[in-house]
Amino acid sequence: VAAAMMHVTLHIISRAMFSSDSDEIVDVVEGGVSQYQTLVRPSVFDLLHFPQWFARLISPLPTDGIFDEFDRKVDRLLTERGRAPDAEPKDLLARLLAARDSETGGGMSGQEVRDQVVTIFMAGHDATSLALTWTWYLLSQHPAVEAKLYNELREVLGGRTPDYADVANLRYTRMVIEESMRLYPPAHTTGRQPIAPDEILGHRIPAGAEVLIMPWLLHRKPQLWENPDRFDPERFLPERVAARPRFAYIPFGAGPRICIGAAFAMTEAILILAAIAQRYRLQLKPGHPVEPQGLITLRPRHGMQMTLERRQRQ
């Protein structure tokens, strides 16, 4: 299921970014992402603030070359779009190419566009696929929640494929995903470096220190969450959300650097969950081990093997 969710979210962000050129991009990225997640680890040189050139000299990255073909394909697309700007489809790549600085009127360089494309593309599928993977696991362990979800889908959709207009009415579906991201936040840890000395709750924080913000711990803090290890989507009823501190729940980060794709990701996850859950039940394969692994994102160490049961038509 983890691989299947990765496949579908890759296709979605690829179509949004590259329109008709998307399929070949997906094929290139699919293998590279899992390799990258597995191989990349922070080293002691990173934590001790050694210069990057020195850290890489002593401990070279094992990922060199993984995305070379992806880079070549993006460069080719940028070149082709530059030759025929009027023929561009109205996708995210076209919007990046057309973007202009409000003060200077200048556009981005080719390298800047390429960097934006890679950032949005990579971040735009991995976290959503993992949020869905953990959601399927939790639903398989909580049949009462799964039944309530299905009842909402049956009432709102009546068996038809969901579309964007349905998202506002799929309230419980949203709460299921929000609670899943509370227990298994794909972005489990975020790093920050203070640009000036600070003090937080009596702790002095020097400039340049390594500060880790950990949703994995924050989302399970008993002072903020009653029975924090229990899967309870109704924690996200509007009145209960309003009663919590603003930063008790930060699956997409917070503040000026909050994830730019948060609304896109939630809409995508709601529609995928609704489309599949109204037609199928997913059950964890008996005996399959489930263990969270904190790589760049929070992944199931052994994958997520599940059985698929088609629902009876109502």
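Analyst: Arg301 is partly exposed, with 41% relative accessible area. The model is predicted: local features need pLDDT of at least 70 and side-chain atom pairs pLDDT 80 or more, whereas totals for chains, interfaces and linings use all residues. Residues are numbered from 1 along each chain as its sequence is written, and side-chain values use heavy atoms, without hydrogens and water.

User: Why is Arg301 called partly exposed?

Analyst: Buried means under 20% relative accessible area and exposed over 50%, with partly exposed in between (1.4 Å probe, protein chains only). Arg301 has 41%, so the label is partly exposed.

User: What makes Glu291 and Arg301 a salt bridge?

Analyst: The term requires a side-chain nitrogen of Lys or Arg within 4 Å of a carboxyl oxygen of Asp or Glu. The N to O distance between Arg301 and Glu291 is 3.1 Å, so the pair meets the rule. Glu291 lies in the loop between β5 and β6 (292-294), and Arg301 in the loop between β7 (298-300) and β8, ten residues apart.

User: How do you know that Asp166 is buried?

Analyst: Its relative accessible area is 5%, therefore Asp166 falls in the buried class. Asp166 forms a salt bridge with Arg160 at 2.7 Å, N to O. Arg160, at 38%, is partly exposed.

How values were computed. Helices (H or I, at least four residues) and strands (E, at least two) are DSSP runs, numbered from the N terminus.
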